[in-house]
Amino acid sequence: MLPFINVFGKEFPMYGIVIFIGLAIGSVIAIQYFSKFNNIKKDDVLYAILYALIGLGIGAKLLYFLTNIPFMIESSQEIGFWNTITQMFTGGFVFYGGLIGGVLGVYIYSKQFKVSFKSLCLTLFPVIPLVHAIGRIGCLCAGCCYGMEYNGFGAITFHNSLLAPNNVPLFPMQIVEAICNFIIFLILLVTYKRFLGTYKTVGLYCVLYGITRFTLEFFRGDLIRGIYFSLSTSQWISIVIVIIGVILLCGQKGHTILSTIKNKKKSKA
Amino acid sequence: MEEKKSNGLAIASLVLGIVAILFNFIGLGIVGLVLGIVGIVLGVMAKKKNPTGMATAGLVLSIIGTVLCALILIACAACVGAAGCASTSLY
């Protein structure tokens, strides 16, 4: 739609710019608004965000590599190993890999500087759907993450996209996912104070996004994705994420389950 | 001793941040990205141990370097897509 923007004669990718705008807005909201509910220093939130972003980049790229192993083997026979690696390195990202990597990044920060992991999670998780919603607008600009062929209400047609099929009416996947993410953000915002101090906000996000993503995957049109037992990689991860979300949402019961698992591991060690 | 160590971290972060920005301009975005990330980690460590102006400068420059390099790499993703790389997608 608008893959590049011209600034002083130099072309910048809209996808990256929109994502960084989303990250900036999300960071400001987390630091200024959500941090005050969790008794945590604003500096710590900022540094944890930086660690989360590093983890996010590594995780998203790693899962992209893992889901494309068959393609990599095939491609390395045709264009050589290093060309394939270079192509893959600049190729794409997987959101769920980024989510897992981001959480790991925050965990490493909390352990390294002895800051409460729970407080950091409760500060950062509510802004994830907002950042994701803005990021999907970036996808719309770049033409990636497009929907299946569709002729109904709201269909979008790309005419000079680098990634999506041109001149074919498509399901407005990016817009729908952006709206869904924004609604999830609003729900988390409204319920935030009610769930204060518990992992229920995290659980609610996992359940809502997991179900949304699982459903929307059926309408995706970008075909080269890992499919296992007729479900995509993201759908399998969605199932796991929803289960984790339900456990966390069960409140005290959920915590008991998690702490039982932890205690069992401790006693084994 | 602790102060000297954190000062070293701040200097390392500052240097890595500057080098990351320079690498971005000479077309070595991937190398710049890695250096920028290391610069951020060192900058955060320096700020936590001894929050001096140099540590702040190192952290800020490393963030700028990393963002610039990441922007260029994401641009490359779109270019690869244009070249017909079937696997190029952002999901």
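This is a predicted model: local features need pLDDT of at least 70, side-chain atom pairs count only at pLDDT 80 or more; totals for chains, interfaces and linings use all residues.
## Chain B at a glance

Contact here means heavy atoms within 4.5 Å.

Chain B has three helices and zero strands, giving the pattern α-α-α when read along the sequence. The chain counts 91 residues, 47% of them buried.

## A closer look at Leu16(B)

Leu16(B) sits in helix α1 of chain B, which covers residues 2–25. Is this leucine buried or exposed? Leu16(B) counts as buried because its relative accessibility is 17%, and the cut-off for buried is under 20%.

Which residues does Leu16(B) touch, once its neighbours within four places in sequence are set aside? The partners are Leu35(B), Val38(B), Gly39(B) and Leu42(B). Take Val38(B) from that set: it lies 22 residues from Leu16(B) in sequence, while the C-alpha to C-alpha distance between the two is 7.5 Å.

## Cysteines

Searching the whole structure turns up zero disulfides over all chains. A disulfide is a covalent bond between the sulfur atoms of two cysteines. For Cys206(A), the closest cysteine sulfur belongs to Cys121(A) and is 9.7 Å away, so the two are too far apart for a bond; the cut-off is 2.5 Å.

Cys206(A) is buried, with a relative accessible area of 6%. Over in chain B, Cys69(B) also counts as buried, at 0% relative accessibility.

Conventions. Residues are numbered from 1 along each chain as its sequence is written. Chains are lettered from A and ligands numbered from 1 in the order in which they are written. Side-chain values use heavy atoms; hydrogens and water are left out. Helices (H or I, at least four residues) and strands (E, at least two) are DSSP runs, numbered from the N terminus. Buried means under 20% relative accessible area, exposed over 50%, partly exposed in between (1.4 Å probe, protein chains only).
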